[in-house]
Amino acid sequence: MESVQLSIALLTAGVALFAGLVSLFIGLHKDGEKTDLFFGLLCIAIFLFFIVPPVGFILTDKAPFSFEIIFKRFFNFFFFSIFPWFVFYYTGYKKKLLPYTILILTPLVYLLMILQKRDINAPVWAYIALVVILLSVVHGFIAVRYQFKNGTKRNAKWFQFALFVYLILLTCSVVFQLNVEYFVARFHRRIFFPINLFPLSFILIMGLRLRTNFIEKYRLERLLNLKNVQWESLMQNLQLVVAHTDKNGILSYINPYGVKLLHYNNSSELIGRNWFDYFLPGGEWGDVKEIFQKVALQGKATPHYKNIIVTKDGDEKIINWTTELAYDNDGKIAGLISFGTDISEQETAFQQIRDLKSELEKENLMLKGEVLPEWMQEEIIGKSEAITYAIHKAKKVSTTHATVLLEGETGVGKELFADLIQRSSLRNMKPFVKLNCGALPAELIEDELFGHEKGAFTGAVQARKGRFEIADGGTIFLDEIGELPLSLQPKLLRVLQNGEFERVGGHQTIKVDVRIIAATNRELGAEVKEGRFRDDLYYRLNVFPITIPALRFRKEDIPMLVEFFIEKESHKHSKSFKNINKSDLNHLSEYDWPGNIREMRNVIERAVINSDTATLRLDLFYNSIKDKVRHNSPASLEELEKEHIIKVLQESRWRISGEGSASEKLVMNPSTLRSRMKKLNISRSGNEIV
């Protein structure tokens with residue numbers, strides 16, 4: 001029996017030495033894996049355990065232990081210390097509680113064994129050693145279960161088989177240990193414990209699996225090299241821009257076609273540069289960076305988009321992009337691979353066709369003196385030169401991303417022009433948000449525009465998006481921009497300049513892409529001089545101003561507008577009118593309309609409600625002015641307007657703004673009414689006008 005044990009020990013040592021050296025050589029190579037390194041250490045530990053004198057197995061050693069036994073067992077305990085780390089790297093099970101526990105207990109067991117001074121039947125270190133062995137087995141099976149769940153079933157089956165062999169041999173050894181005296185007495189010889197066969201079986205099973213993995217890895221590397229050659233050949237001849245960037249936008253690869261398109265000589269001039277800093281125009285930077293962050297940093301669905309890139313010579317190319325996520329070896333998002341098609345010529349041609357078509361249609365209509373069709377204007381009614389020119393300017397700017405400032409008196413239809421610009425714009429499918437800056441108290445406007453964070457003020461029980469956040473990607477219409485408080489103007493200026501702001505009570509900068517259409521009935525240039533409006537904000541808003549003519553400057557449109565409103569209000573109030581008194585229509589045409597189209601609409605609606613015959617009857621105010629208009633000069637019209645405003649002011653107790661005020665009855669903005677009063681020299685002597 002002893003000769004058999006010695007033979008098995010020497011065989012195990014030889015196999016362990018060979019397998020250990022091979023695994024260490026592979027593991028220590030620069031491309032090696034830690035699995036091979038730790039397996040090599042396990043094999044060398046087994047080899048030294050069996051080969052260090054006394055050669056073979058230790059069966060009958062007693063405390064206190066000799067130096068030879070203590071030294072020999074060091075390699076046994078070293079094996080159990082690093083076994084969990086082999087499991088860690090082989091299975092990929094990353095939880096370290098059990099490995100660290102075993103790593104702490106193993107030196108403790110070894111120290112207790114050394115310190116044992118006399119031989120006893122059940123030493124403490126032996127029980128702790130049994131716990132270490134059981135923890136190693138439990139850790140192994142947990143890691144195997146993790147492998148089966150994560151799809152590495154082949155590796156899991158091999159390791160599971162090795163663990164089952166270990167359990168079988170351990171069970172047999174425990175049975176022998178419990179009955180060791182019986183077996184010795186019966187067979188009259190020392191007992192060979194089955195657990196001593198585990199090192200040999202473990203090395204053979206796992207060594208074979210690792211070498212199979214190595215061969216498979218070599219085969220896959222050859223296949224990968226072949227694929228790389230095919231990929232490089234494809235990249236050399238593909239007529240697409242292929243660019244790989246990391247999560248920060250740093251370019252790590254670009255194919256020859258992309259190098260040529262950007263007018264560089266070779267890729268080394270481009271690699272390492274930030275894509276956003278070098279190859280995008282300033283206006284495109286924010287939009288593309290936002291798309292990049294959504295894909296590369298948040299892992300959202302890959303989008304298709306187009307943008308402009310700038311070549312080395314400063315030329316601009318329009319590229320249609322498709323992006324795919326790129327991953328590192330751990331399966332984490334490492335960046336983006338973008339595929340781009342140069343569509344510059346097609347886009348230029350399409351834009352020229354659209355521009356020519358639009359210009360021809362407008363010129364033909366303007367030459368014929370016809371009203372622009374509904375697809376160009378909807379409810380903007382008129383054929384006068386003044387209104388046609390304003391519509392022409394609105395259509396011209398609509399296809400750009402420029403900020404638009406709509407100027408004009410109260411009631412001229414600034415909101416209709418904003419709607420026209422939005423419908424014809426490139427953002428017509430995106431949000432269109434409207435806000436009247438003069439309709440809210442100053443303390444609420446900031447919250448409406450920019451939103452607030454939870455807890456920003458009493459009652460802010462949750463975060464709320466503002467109008468700019470809601471309009472992201474689309475357009476926002478800021479009516480009565482001249483009413484915006486001076487304290488809020490710098491924040492609006494920042495949105496215009498950088499596309500960024502913070503919510504009320506927040507510190508996080510929010511980036512938005514919003515086109516701004518602003519409207520005002522004030523003379524902003526004069527407001528700037530008076531210090532009530534910031535000059536830098538005014539210049540930012542005044543990129544493309546459009547002055548919408550007052551109704552008194554387009555009187556040839558009044559009959560058409562009257563007819564339109566009669567039809568609309570008649571349908572609204574379920575009435576029908578065959579005609580309107582021609583004399584009344586002439587008087588309406590001669591009136592100055594200080595409230596413009598809004599005033600006209602209200603006048604017509606009142607007339608529709610008051611009329612009971614088939615002929616529309618105007619209200620008492622306009623019936624009273626027709627005689628004066630017939631006999632008086634144009635100056636009398638101004639006097640008539642003055643009298644009417646004074647009458648309404650008296651009825652309103654000279655209140656200009658607020659509920660029941662004169663501005664409400666006259667359908668005017670309070671600032672417009674004050675301006676008209678100043679022009680007509682209207683004042684209330686001895687009383688303060690509110």
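Reader: Over how many bridges do strand 1 and strand 2 pair?
Author: This is a predicted model, in which local features need pLDDT of at least 70, side-chain atom pairs count only at pLDDT 80 or more, and totals for chains, interfaces and linings use all residues. Residues are numbered from 1 along each chain as its sequence is written, and side-chain values use heavy atoms, with hydrogens and water left out. Helices (H or I, at least four residues) and strands (E, at least two) are DSSP runs numbered from the N terminus, and two strands pair if DSSP finds at least two bridges between them. Strand 1 (residues 241–246) and strand 2 pair in the antiparallel sense, and the number of bridges is three.

Reader: What is the strand order of the open sheet with parallel pairing?
Author: Strand 7 (432–436) and strand 14 are the edge strands, and each pairs on one side only. Neighbouring strands are turned by 15 degrees against each other on average, direction ignored. The order of the five strands is 7-10-13-6-14.

Reader: What is the bridge partner of Phe477 in strand 13?
Author: Strand 10 (residues 475–479) runs parallel to strand 13 (residues 515–520), with four bridges joining the two. Five bridges join strand 7 to strand 10, which also run parallel, and there Lys434 has Phe477 as its bridge partner. In strand 13, the partner of Phe477 is Ile517.

Reader: Which residues make up the covered face of strand 7?
Author: In a regular strand the side chains alternate between the two faces of the sheet. The uncovered face of strand 7 holds Phe432, Lys434 and Asn436. The covered face holds Val433 and Leu435.

Reader: With which residue does the side chain of Asp419 form a polar contact of 2.9 Å?
Author: Asp419 lies in helix 15 (residues 414–423) and is buried (under 20% relative accessible area, with exposed over 50% and partly exposed in between; 1.4 Å probe, protein chains only), because its relative accessible area is 18%. Not counting residues up to four places away in sequence, Asp419 touches Phe432 and Lys434, contact being heavy atoms within 4.5 Å. A polar contact is a pair of N or O atoms within 3.5 Å; within protein, one must be able to donate a hydrogen and the other to accept it, and residues adjacent in sequence count only if both atoms are side-chain atoms. The side-chain partner of Asp419 at 2.9 Å is Lys434.

Reader: What length has the polar contact between the side chains of Arg552 and Glu409?
Author: Arg552 is placed in the loop between strand 14 (544–547) and helix 21. Beyond residues up to four places away in sequence, Arg552 touches Glu409, Asp592 and Arg676. Arg676 is one of the buried residues of helix 27 (residues 670–679). The polar contact between the side chains of Arg552 and Glu409 has a length of 2.3 Å.

Reader: How far apart are the axes of helix 21 and helix 22?
Author: Two packed helices are described by the angle between their axes and the distance between the axes. Ile558, Pro559 and Val562 of helix 21 meet Leu585, Leu588 and Ser589 of helix 22. Helix 21 (residues 558–572) packs against helix 22 (residues 582–590) at an angle of about 120 degrees, and the distance between the axes is 9 Å.

Reader: Is Leu537 buried or exposed?
Author: Leu537 is found in helix 20 (residues 535–541). Leaving aside neighbours within four places in sequence, Leu537 is in contact with Gln489, Leu492, Leu493 and Leu496. With a relative accessible area of 0%, Leu537 is buried.

Key. Axes fitted to C-alpha atoms, helices over the stretch in contact; angles between N-to-C directions.
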